[in-house]
Amino acid sequence: MLRDITLGQYYQTDSVIHRLDPRVKLVTTLCYIISLFIVDNWIGYVIAGAFLLMVIKLSKVPFKFMVRGMKSIVFLLLFAAVFNLFLTPGEVVVELWKLHITKEGIRLASQMAVRLVFLIMGSSVMTLTTTPNNLTDALEKLLGPLKVFKVPIHEIAMMMSIALRFIPILLEETDKIMKAQIARGADFESGNLIKKVKSMVPLLVPLFISAFRRANDLAMAMEARCYRGGEYRTKMKPLIYKKRDGLAYGVVAFYLAVCIVFGKVLW
């Protein structure tokens, strides 16, 4: 299960999406998430799904790799869908003892599930096609105007980049600890849900110790290299827009317009 989490990982290959400016990918991801909450009919979701499939195809990231990342949110997906299914008032379709499944609940649960799947996959495309360093530079550039209000943009971008970088590292560390515990006789698979949760408790202490140790090592390494934040720092590879980036912005604007017209206005 831990190996199935793809958020925060970078899939190295040569594609149109990989070569785009990271600012374009950040803006595109934000616009895509907004579009998922703009549309409220199946026409809009079909358009959003088609756009996502097109981006995945252009990114050359294997679709199986993208689907594998969805395994980690199956429980959250089922939890949200069940709550919306049984707790939404409206026209009753199925009655099970004191539980009622309504027509509005089915619609809301299905929309919530589709939104969550598209949101996770869309965000994963950005992290799979963009290195953490490029994400940091893009975020710092996009939030640059906030420096007028004394907002520490560089520090915020650096923290987000380090957090993304630590996701696969901590997952790998968790996998190593689990294998060590299994070799000592621990059982993480058998039993009900409560027993499985209790069996995970022995993992927390060594995992937290490892995380704090890595954070301390990183802080010492940054201090040894005289890291002093973003003031007066220059970029070895400054971000420069190219023609393909302008074309990508145009495609995103067209996609948003289509979502608004067909997913909100006409139906």
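Buried means under 20% relative accessible area, exposed means over 50%, and partly exposed lies in between, using a 1.4 Å probe and protein chains only. The model is predicted: local features need pLDDT of at least 70, side-chain atom pairs count only at pLDDT 80 or more, and totals for chains, interfaces and linings use all residues. Residues are numbered from 1 along each chain as its sequence is written, and side-chain values use heavy atoms, with hydrogens and water left out.

**Whole chain**

Select the chain. Ten helices and two strands are there; these are DSSP runs (helices H or I, at least four residues; strands E, at least two), numbered from the N terminus. Along the sequence the pattern reads α-α-α-α-α-β-β-α-α-α-α-α. The C-alpha atoms fill a box of roughly 65 × 55 × 40 Å along the principal axes. Of the 267 residues, 34% are buried. A contact means heavy atoms within 4.5 Å. Among contacts between residues at least 6 apart in sequence, 74% join residues at least 24 apart.

**α5 against α6**

Select residues 74-87 for α5 and 103-128 for α6. Their axes are 8 Å apart and meet at an angle of about 160°. Axes are lines fitted to C-alpha atoms, for helices over the stretch in contact, and angles run from 0 to 180 degrees between N-to-C directions. That angle makes α5 roughly antiparallel to α6. The cut-offs are under 35 degrees for roughly parallel, over 145 for roughly antiparallel, 65 to 115 for roughly perpendicular, and oblique for the rest.

Now show the side chains. From α5, the contact residues include Leu76, Leu77 and Ala80; from α6, they include Ile106, Met112 and Leu116. By class, the contact has twelve nonpolar, two polar and no charged residues. Ala, Val, Leu, Ile, Met, Phe, Trp, Tyr, Cys and Pro count as nonpolar, Asp, Glu, Lys and Arg as charged, and the others, Gly among them, as polar.

**α2 against α6**

Among the contact residues are Tyr32 and Phe37 of α2, and Arg115 and Phe118 of α6. This contact has eight nonpolar, three polar and two charged residues.

**Thr136 and Ala157**

Go to Thr136 in α7, residues 132-142. At 5% relative accessibility, Thr136 counts as buried. Beyond its neighbours within four places in sequence, Thr136 contacts Ala157, Met158 and Ser161.

Step across to Ala157 in α8, residues 153-183. Ala157 is buried, with a relative accessible area of 2%. Its contacts, again leaving aside neighbours within four places, are Thr136, Leu139 and Glu140. Pick Leu135 too: Ala157 and Leu135 are 22 residues apart in sequence and 8.1 Å apart in space, C-alpha to C-alpha.

**Two lysines with positive phi**

Most residues other than glycine have a negative phi. Select Lys60, in the loop between α3 (42-59) and α4 (63-68). Phi of Lys60 is near 65°, a positive value. Lys60 is exposed, with a relative accessible area of 53%.

Finish at Lys150, in the loop between α7 and α8. Its phi is positive, about 65°. At 74% relative accessibility, Lys150 counts as exposed.
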